[in-house]
Amino acid sequence: RSEEALMVMEKAILADKKNPLPMYQKANILMSLEKFDEALEVLEELKEYAPRESSVYALMGRIYKRRNMHERAMLHYGISLDLKPSATDAAAIKVIGF
């Protein structure tokens, strides 16, 4: 099912390269599949299209935390908080303790 969702996101990305949401969803799916390096590659590219989107940095923080890269996680969570994250992202960051 996740592989199907990835294919759908790829089609959506190709259909509208200016819409950052399919790229974000693709990264989210890759993270859920524990394909962390691939997810980070997508998010790095996404930062170019949406440099002030706090959710991108929050997701990067989650990936780095799962990889036990705590300094990088804190850096990305901090950037996310500076960019005024959604209530959901802010609550998740606070729960994590960063």
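Guide: Before we start, contact means heavy atoms within 4.5 Å. This is a predicted model, where local features need pLDDT of at least 70, side-chain atom pairs count only at pLDDT 80 or more, and totals for chains, interfaces and linings use all residues. Residues are numbered from 1 along each chain as its sequence is written, and side-chain values use heavy atoms, with hydrogens and water left out.

Visitor: Let's pick His-76, then. Why is His-76 called buried?

Guide: His-76 has a relative accessible area of 6%. The cut-offs are under 20% for buried, over 50% for exposed and partly exposed in between, with a 1.4 Å probe and protein chains only. So 6% lands His-76 in the buried class.

Visitor: Which residues does His-76 touch, leaving aside its neighbours within four places in sequence?

Guide: Tyr-57, Met-60, Gly-61 and Tyr-64 are in contact with His-76. His-76 belongs to helix α5, and helices here are DSSP runs of H or I with at least four residues, numbered from the N terminus (strands are E runs of at least two).

Visitor: How do you know how α4 and α5 are oriented to each other?

Guide: The axes of α4 (residues 54-66) and α5 (residues 70-82) come within 8 Å and cross at roughly 165°. Those axes are lines fitted to C-alpha atoms over the stretch in contact, with angles from 0 to 180 degrees between N-to-C directions. Under 35 degrees is roughly parallel, over 145 roughly antiparallel, 65 to 115 roughly perpendicular and the rest oblique. The two helices are therefore roughly antiparallel.

Visitor: And what does the contact of α4 with α5 consist of, by class?

Guide: Seven nonpolar, five polar and three charged residues. Nonpolar covers Ala, Val, Leu, Ile, Met, Phe, Trp, Tyr, Cys and Pro; charged is Asp, Glu, Lys and Arg; the others, Gly among them, are polar. On the α4 side you'll find Tyr-57, Met-60 and Arg-62 among them, meeting α5 residues that include Arg-72, His-76 and Ile-79.

Visitor: What makes α2 and α3 roughly parallel or antiparallel?

Guide: Their axes come within 8 Å and cross at roughly 160°. That makes α2 roughly antiparallel to α3. By class, this contact has eleven nonpolar, no polar and three charged residues. From α2, Met-23, Ala-27 and Leu-30 are among the residues that meet α3, whose side includes Phe-36, Val-42 and Leu-46.

Visitor: What makes the phi of Glu-34 worth a look?

Guide: Glu-34 has a positive phi of about 60° although it is not a glycine. Most residues other than glycine have a negative phi. Glu-34 sits in the loop between α2 and α3 and is exposed, because its relative accessible area is 51%.

Visitor: And what makes Asn-68 buried or exposed?

Guide: A relative accessibility of 58%, so Asn-68 counts as exposed. Asn-68 lies in the loop between α4 and α5, and its phi is also positive, near 60°.
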